[in-house]
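Here are my notes for your review. Please read them beside the coordinates.

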Amino acid sequence: MMLKLAGIYWLEQLKLGTGDKKAKLRLLGLLAVGIYVFVMVYSFANSMAAQLSEQGSLARMAELFMTAASALVILSTLFSARDILFSYRDREMLTAMPIKRVTLVGSRVLILLIYEGMFTLMLMLPMFVAFGRHVEITPYFILCAVVGCLFSACVPAVVGAVVGTGLSALLSGFKGAKVLRYVVLAVFALAIMAVSMSTGFTAGGGQLSEAALARLDDVMASVRSFFPTVRLFSDGLTGEPLKLEAFVVVSAALAALLVLFASKLMPFVLARSDAGGTAKGYRPEKTRSVFSALFNREARLYFGSPMYLFNTGFSLLIMLIGAVAVAVFRRKILDSRMMLEGGRFLWSMLPYLLALFISMCPITAVTISIEGPRFWIIRSMPVSAKKVLAAKLLLALLVEAAVIVVSVTVLQLALPMDALSRAMLYVLPLVYCLFMSLMGLMFNLRMPKLEWKTEAAVVKQSASVTVTMIVGMSVTLIPMIVSMALGPIGAPIVAGALLIASVILLIWLFKGGVRRFNQI
């Protein structure tokens, strides 16, 4: 029954067996994204494996990738576990059916593990392929690869689920709960960035120097002591079958304990969550314009949904953290051989790097779909569709532009650049911001996903998000190559072309987009 419930969920999410003609397109889109991520991660892992293999430290790569996957899973489950395990749309209907609570919770835990397993698979599978090029392929190595891909998400998912659900239950009703959760997110992301930078992978002009390898060994030693499952898997990979077996047993046992305790604590968690929104009194709101009310509604919808905010804003957070890190390590960066030999070239590529982060922030690609069952409300309001779409667009532009301006200002203060590079560092990312926001809204109007059970299905699986990210990355990488060929005038030409495309999209939005909005 547990597997059947999870299977029904995924069949409904992927629209398989329903005759939906777009189901195959969704699968093809997901496959394309998977191949793209595989190639990117594999190229990085293969380069690292070649260097570590020469120094006899190849096992460190498996530890590093497993640590990165674990951190990513914990960060994701902190803000998605409660919605997936307890606050899904059909909860009341399913709990009223003659299904054991432990079976119901077990199916939700399985769904959570499949979600998070996708993250680990994107990192671990390319790593094992790169790893296999430098060792002898044996049945035991294949077994280790299968175990690593299937079980790496279990322990971090359990940790993130327990902490995230506990915080949600204990802080329900607390006015600053959402702010506190975002602070935890920022601190966690800063910690990941600090650990990543402390390993010094780029030391020595792109090669792992002896000092960088020593730092990597120190970091991995700390991880092995803090995260025993990483140590168990690493020892198992290097030829200790009992450690590999212990890794599987520990991972499966913790997942089973999560099912057991979640089923026992389910009434408490739901009671705390449902009681958190009780009104404490009426206070009349100030009179404001229609557009202001629509904008405030969009802001509450965006900042009030951790899943929506985290998945669409994480790349912006990383961009901001990266800019601060550049300012902090300014002298070390400027004195590196890479900067001394190719500084001018790197300055010209910096705006495109920021644009790449923006392409991974599809706020508007979700803004229609996130309405879900509430979409009929905004459709039936006596408000023009132009104002609704303008409010959604303005929110995305303000959020992204604010982070861009702060990040670029920090970089401008930290790095020596010529006047044209400084101007393009502001102009090009802001133009990309406008273009990506308009394009994401267009794709979401064309491919809305209004029938969903959890916000994760909209933010992580909708076709509009997938298409927007693929097109956005392509529109970033291809002009970057063109700009390299054109020289200094490349960036202004790209900015002008994107601005013209943005004007065309804006005209479509307030004509064809409004018509499409009324037809949904």
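1. In this predicted model, the largest nonpolar core has 94 residues. Leu 389, Tyr 432 and Phe 517 have the most contacts inside that core. Beyond its neighbours within four places in sequence, Leu 389 is in contact with Ile 368, Leu 441, Leu 445, Leu 509, Gly 513, Val 514 and Phe 517.

2. A second core is separate and has 34 residues. Leu 52, Val 147, Phe 233 and Leu 237 are among them. As general background, nonpolar side chains tend to be buried together in soluble globular proteins.

3. Now the surface. Which residues make the nonpolar patch of about 510 Å²? Leu 25, Leu 28, Leu 31, Ile 35 and Val 39 do. Leu 25 sits in helix 2, which covers residues 22-54. Its relative accessibility is 59%, so Leu 25 counts as exposed; the cut-off for exposed is over 50%.

4. Helix 2 also holds Asn 46. Is Asn 46 buried or exposed? The relative accessible area of Asn 46 is 19%, so this residue is buried. The cut-off for buried is under 20%. Not counting residues up to four places away in sequence, Asn 46 touches Ala 130, Arg 133 and His 134.

5. How many disulfides does a search of the whole structure find? The count is 0. For reference, a disulfide is a covalent bond between the sulfur atoms of two cysteines.

Terms used:
Residues numbered from 1 in each chain as written. Predicted model: local features only at pLDDT ≥ 70, side-chain atom pairs only at ≥ 80, totals over all residues. Heavy atoms only, no water. Patch = residues over 30% accessible without salt bridge, like charges linked within 9 Å, V, L, I, M, F, W, Y side chains within 5 Å. Areas by Shrake-Rupley, 256 points an atom, 1.4 Å probe, with all protein chains shown as cover. Salt bridge = Lys/Arg side-chain N within 4 Å of Asp/Glu carboxyl O. Helix = DSSP H or I, 4+ residues; strand = E, 2+ residues; numbered from the N terminus. Buried < 20%, exposed > 50% of the residue type's maximum accessible area, 1.4 Å probe, protein only. Disulfide = S-S within 2.5 Å. Contact = heavy atoms within 4.5 Å. Core = buried A, V, L, I, M, F, W, Y, C linked by side-chain atoms within 4.5 Å.
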